[in-house]
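Open the model in your viewer and keep the selection panel at hand.

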Amino acid sequence: MMMLAIQGDRLHAPVTSMSFNQQGDLLLAGYGDGHLTLWDVQKGVVVKVISGEHTAPVVHTLFLGQDPQNTRQFKAVTGDCKGLVLFHIISVVPLFSRFSIKTQVYNISH
């Protein structure tokens, strides 16, 4: 768990939620300051940081599964304590070990 906190200037943001993908090789962690981090579990490295979308503590992270048409594309949902829900499409380009993430915003706060 200490590894999840070592991120430079985000050192003091507590992990508030996390989810592994079905294969167990990716970990999506949500933090108290609203940012998200995607980890490559096998390499133990951060592959993507998402910030600026959530402005409140992320309290839910969930991998929805793999896209059946594309084996290196994953879908995930995150939610914060203010009711903002984000839908993420995570694509992996294996040759270059790059990750791209597209995010759609759904606000279900009342």
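A nonpolar core is a set of buried Ala, Val, Leu, Ile, Met, Phe, Trp, Tyr and Cys residues joined through side-chain atoms within 4.5 Å. Buried means under 20% relative accessible area, exposed over 50%, and partly exposed in between, with a 1.4 Å probe and protein chains only. This is a predicted model: local features need pLDDT of at least 70, side-chain atom pairs count only at pLDDT 80 or more, and totals for chains, interfaces and linings use all residues. Residues are numbered from 1 along each chain as its sequence is written, and side-chain values use heavy atoms, leaving out hydrogens and water.

Start with the core. Select Leu 26, Leu 28, Leu 36, Leu 38, Ile 50, Val 58, Phe 63, Phe 74, Ala 76, Ile 90 and Val 92: these 11 residues form the largest nonpolar core. E2, E3, E5 (58-67), E6 (70-80) and E7 (84-93) each give two or more residues to this core. Strands here are DSSP runs (E, at least two residues), numbered from the N terminus. Next, pick Ala 13, Leu 27, Ala 29 and Trp 39, which are among the 5 residues of a second, separate core.

Now show the strands. E1-E2-E3-E4 is the order of an open, antiparallel sheet of 4 strands. Strands pair if DSSP finds at least two bridges between them. E1 (15-20) and E4 (45-50) are the edges; each has a single partner, so one side of each lacks a neighbour in the sheet. Zoom in on E2 (26-31) and E3 (36-40), joined by 5 bridges. Leu 26 stands opposite Asp 40 of E3.

Finish at Phe 87, in strand E7. Is Phe 87 buried or exposed? Phe 87 counts as buried, at 18% relative accessibility. Then select Leu 64: its C-alpha atom is separated by 9.7 Å from that of Phe 87, 23 residues apart along the chain.
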